[in-house]
Structure formats: C-alpha cells, structure tokens
Amino acid sequence: MTSPRRLVDLLGSAEFARAFTIAVLSAVFASFAIERMTSQVTLATIIAVLCAVGAAILWVRREELSLLRLAPSSLLAFLAWALVSLVWTTDKSDTVFGWLALFGFAFLAITVGHIRDTLQTVRALGDTLRVLLVLSLGMEILSGVLLDMPFGFLGIQGNLAVGGPVQGLFGSRNMLGFIAVLALITFVIEWRSQSVTAPIAIPSVALAALLAFLSSSPTVIVLAAAVGIVTVALTIVRHTPTERRSLVQWVLGILVALALTAAFALRHPIIALLDAGSDFSIRATLWNTMLDFVSLKPITGWGWFGPWARGEYPFTYINFLLDDHHQSGLNAYFDVMLQLGWAGLVLFLALGGAATVRSWLVASVRRSVVYAWTPLMLVTLAVDSMFESFTLDGAGWFLLVLCALRAGQSRSWRENIDAAHTGAIPTLRPEH
C-alpha cells in the first residue's frame with residue numbers, strides 16, 4: 001500500500017477522529033494555560049495546525065458530508081458580518097486577527113461535530129475536563145498548600161488553604177466556575193448514559209462540584225439554578241405523552257417568562273442574597289458606559305475584536321472613564337452590540353436561539369439521555385453570557401458552534417433539501 005493511501009486511511013479512521021477530537025478539546029479548554037506557559041503565537045500555531053489537520057480530515061470524508069449542511073446558516077451570517085466590519089473598524093489588523101481566532105475555533109467545532117456523534121463528543125469532553133480539573137486542583141494544592149506562594153504566570157493566587165477563591169488552569173474564578181458547571185453536566189450525562197462506570201463518574205462529579213464551590217464565583221449559583229430548572233422541565237416534557245407534549249411545552253414557556261419577569265423585579269434582593277452586590281455594581285456601571293458608545297454606532301458597532309484589544313478605541317477609553325482594566329464587556333450580548341451593533345446582536349441571538357429550540361425539541365422526543373446534553377450546554381452558555389463574555393472566545397465560542405451544528409444536524413430546513421435531492425425521507429440521525 002502506498003504512503004498516500006495509508007495517510008488517507010489514517011485520516012479517515014475512527015481512531016484518528018477520536019485522537020483529533022481529544023487534541024482539539026485539550027487545546028481549546030487549556031488555551032489560557034498554553035498561552036501563559038508559552039506565548040500567544042504558540043497557541044495560534046497549535047490552533048492553525050489543528051485546523052489544517054481538520055481540513056484534511058473533512059476532505060478525506062467529503063463523500064460523507066453535504067456542503068449545504070456543513071455549517072449552520074446563522075453561524076455563517078454572524079462570521080460574515082464580523083468580517084464585513086473590517087470596512088468600519090478602528091483597527092483593521094486587530095479585527096483580522098480577532099476574526100481569524102473566531103473562525104479558527106468555529107472551524108474546529110465544525111470538524112469535531114462532523115466526525116463524532118453526540119455520545120462520542122460527550123465522552124471525549126468528559127475525559128478532557130477530568131484531566132484539566134485534576135491538574136487544576138493539583139496546581140492549587142501545590143501553590144496554596146505545599147509551597148504557599150502564588151503562581152502569577154498562571155493567574156493562580158494560592159488561596160486554597162483559606163478556602164478560595166481558586167482559579168485553576170483557567171485564569172479566573174469565574175472561568176473556573178463556568179468550566180466546572182459544564183463539566184458537571186457532562187459527567188452526569190456520561191453517568192446516566194452508562195458511558196462510564198460509577199467509580200469514575202462519582203469522583204468526577206465530586207471533583208467538579210468541589211472546584212465550583214472553591215471558585216467562590218457568584219455566577220456558579222445562578223448557572224446551577226438555571227441548569228437545575230431546565231433539567232426538571234426537560235424531564236417533565238420527556239415523560240409527557242405525545243398528545244399532551246405541546247400543551248406542556250407552552251405552559252413551561254409561560255412559566256419561564258413569568259419567572260424571568262419576577263427575577264428582574266426582585267433583582268436587588270436576589271443580588272443581596274448572592275452577596276454579589278459589588279460584582280453586579282461593577283458590571284452595571286460598565287454596561288451603562290458601553291451603551292453610551294453603542295448609541296454612537298447602533299447598527300454596525302465599532303468593529304469586531306473579540307477580547308478587548310489593548311490600546312484600541314473605544315475599549316481603552318471605556319477603561320479610562322471607569323478607571324479600570326476590563327478585558328471584555330462582562331456580558332456577551334452587550335459585547336456583541338458594542339462591536340457589531342444591533343445587526344450583530346440579532347445574528348448572535350439567532351445562532352444561539354435556533355440551536356436551543358432545535359436541541360430542545362430533539363431532546364423532548366428522543367429516549368436517550370445523551371440528547372439532553374446539547375440543550376443543557378446551550379442554556380448554560382446563554383445564562384453565563386449575561387455575566388461574562390466567555391461565549392465569544394475560546395472554549396465558550398467553540399461549544400456554542402458545536403452545539404449549534406449538533407442541533408442543526410437533526411432539525412434543519414437544509415435536511416429537507418438534501419432529502420429532496422436524494423429522494424430520501426429526512427429522519428433524525430442515529431447516535432452510535
């Protein structure tokens with residue numbers, strides 16, 4: 001067998017697909033640690049190499065793919081609008097680099113979404129997060145207990161001995177709390193789907209819960225409450241007879257709307273209960289200042305940058321006005337509105353909203369618990385986006401694209417078009 005043939009067989013094999021997925025997830029979720037221990041150039045090189053390998057895999061598997069269903073149309077529209085912002089951005093080079101980062105992580109998510117099914121993705125993510133959380137706890141023990149000194153190059157403050165907050169390998173307590181909640185969802189789905197045994201699942205859940213607690217992040221409580229409520233609602237829908245399912249869906253929708261209204265009306269007591277008054281006050285001041293700049297360019301925004309570029313207007317001026325050093329808008333929706341205007345916000349909401357509805361409908365009718373992973377992850381991303389901008393960069397953006405692709409593979413108008421061309425009856429794709 002010739003070497004090119006062997007290479008093609010390797011790229012198309014299931015073993016290589018699993019190895020590639022693990023490599024991608026490790027690079028994406030450990031991106032902060034990689035950048036701090038090496039450099040931004042090294043991280044960019046790793047992502048670029050993985051994208052090149054991903055492109056080769058998709059090319060080898062091209063007969064299995066449909067160009068029409070390669071990526072969600074809402075994702076393509078959002079990426080296109082971010083690229084078009086080159087026309088009016090205040091710094092074209094920063095916008096190019098910011099867009100390339102956006103595209104790179106999205107391309108990796110698209111590749112993983114096409115070469116692994118939901119269960120395989122959950123297993124790979126579970127394995128990756130287990131390792132990263134163990135390493136995070138190990139570094140915190142080393143810094144806060146054994147050596148009693150901070151690891152500044154990793155952002156670890158060494159507060160474990162006093163009960164936290166801890167940051168792990170993720171740079172901040174809020175990011176660690178966010179990752180811990182994602183890990184909890186993934187570990188429980190693994191356990192319920194019998195993908196891992198109890199001796200692995202129980203310590204994994206305990207580890208994620210411990211780090212979520214030690215992070216002392218106020219957003220963890222909000223995320224946990226949201227995920228718990230959604231889990232109960234989805235369980236009710238899944239166990240409702242088919243003829244009454246639509247009615248139950250509408251009732252739950254009305255209850256959610258009423259709950260959101262009540263939460264907004266009681267926001268001050270809730271903030272006081274969570275002891276997050278200072279954090280929320282900082283965010284509220286930042287958001288009000290951002291809205292002042294949004295009003296100057298309401299439709300187009302100031303151009304796409306992703307994380308706030310150092311020395312670039314209007315980010316530096318916002319930080320100057322607030323006498324602070326924010327690296328994001330601490331709210332994905334406001335951040336998109338500042339950088340891409342109302343047009344960008346509509347596209348971003350369409351991307352997340354369509355994916356959430358589709359995945360919810362699929363999880364409502366499919367018996368396997370693994371289908372609940374996608375809507376639970378999307379709800380976590382949506383709620384966290386109200387307090388952080390993690391969904392616009394790195395692991396958060398990767399997961400949003402992956403979940404949007406996964407949802408679109410089962411319920412999409414393009415599925416009907418493909419079926420019309422092939423003469424097949426569109427059905428939900430089976431999981432292996």
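These are my notebook entries on what I looked up in this predicted model.

**Conventions.** I number residues from 1 along each chain as its sequence is written, and I keep to heavy atoms for side-chain values, leaving out hydrogens and water. As the model is predicted, local features need pLDDT of at least 70 and side-chain atom pairs count only at pLDDT 80 or more, while totals for chains, interfaces and linings use all residues.

**Cores.** I looked first for nonpolar cores, meaning sets of buried Ala, Val, Leu, Ile, Met, Phe, Trp, Tyr and Cys residues joined through side-chain atoms within 4.5 Å; buried stands for under 20% relative accessible area, exposed for over 50%, and partly exposed for what lies in between, with a 1.4 Å probe and protein chains only. The largest nonpolar core holds 118 residues, and the members that touch the most others are Phe29, Leu133, Trp373, Trp397, Phe398 and Leu399. Helix 15 (residues 332-365) gives the most to this core, with 12 residues; helices here are DSSP runs of H or I with at least four residues, strands are runs of E with at least two, and both are numbered from the N terminus. Apart from this core lies another, of five residues, including Ala33, Leu154, Ile156 and Leu169. I then listed the contacts (heavy atoms within 4.5 Å) of phenylalanine 398, leaving aside neighbours within four places in sequence, and found Val24, Leu25, Val28, Phe105, Leu108, Ala109 and Val112.

**Helix 2 on helix 4.** For axes I take lines fitted to C-alpha atoms, for helices over the stretch in contact, with angles from 0 to 180 degrees between N-to-C directions. Helix 2 (residues 14-29) packs on helix 4 (residues 40-60) at an angle of about 155°, and their axes are 11 Å apart. Helix 2 is therefore roughly antiparallel to helix 4, on a scale where angles under 35 degrees count as roughly parallel, over 145 as roughly antiparallel, 65 to 115 as roughly perpendicular and the rest as oblique. In the contact I find Phe16, Phe20, Ala23, Val24 and Ala27 from helix 2, facing Leu43, Ile46, Ile47, Leu50, Val53, Gly54 and Ile57 from helix 4.

**Helix 5 on helix 6.** Here the angle between helix 5 (residues 73-84) and helix 6 (residues 92-115) is about 165°, with the axes 10 Å apart, so helix 5 is roughly antiparallel to helix 6. Helix 5 contributes Leu75, Phe78, Leu79, Ala82 and Leu83 to the contact, and helix 6 contributes Thr95, Trp99, Leu102, Phe103 and Ile110.

**Glycine 396.** I placed glycine 396 in helix 17 (residues 394-410), where glycine 396 counts as buried because its relative accessibility is 0%. Not counting residues up to four places away in sequence, glycine 396 touches Phe178, Leu381, Phe390 and Thr391. From C-alpha to C-alpha, glycine 396 and leucine 154 are 20 Å apart in space and 242 residues apart in sequence.

**Backbone in the loops.** Tyrosine 313 and proline 314 are joined by a cis peptide bond with omega of about 10°, and proline 314 is found in the loop between helix 13 (277-294) and helix 14 (315-322). Glutamine 194, which is not a glycine, has a positive phi of about 60°; glutamine 194 sits in the loop between helix 8 (173-192) and helix 9 (198-214) and is exposed, with a relative accessible area of 70%. Aspartate 323 also has a positive phi, near 55°, lies in the loop between helix 14 and helix 15, and counts as exposed at 73% relative accessibility.
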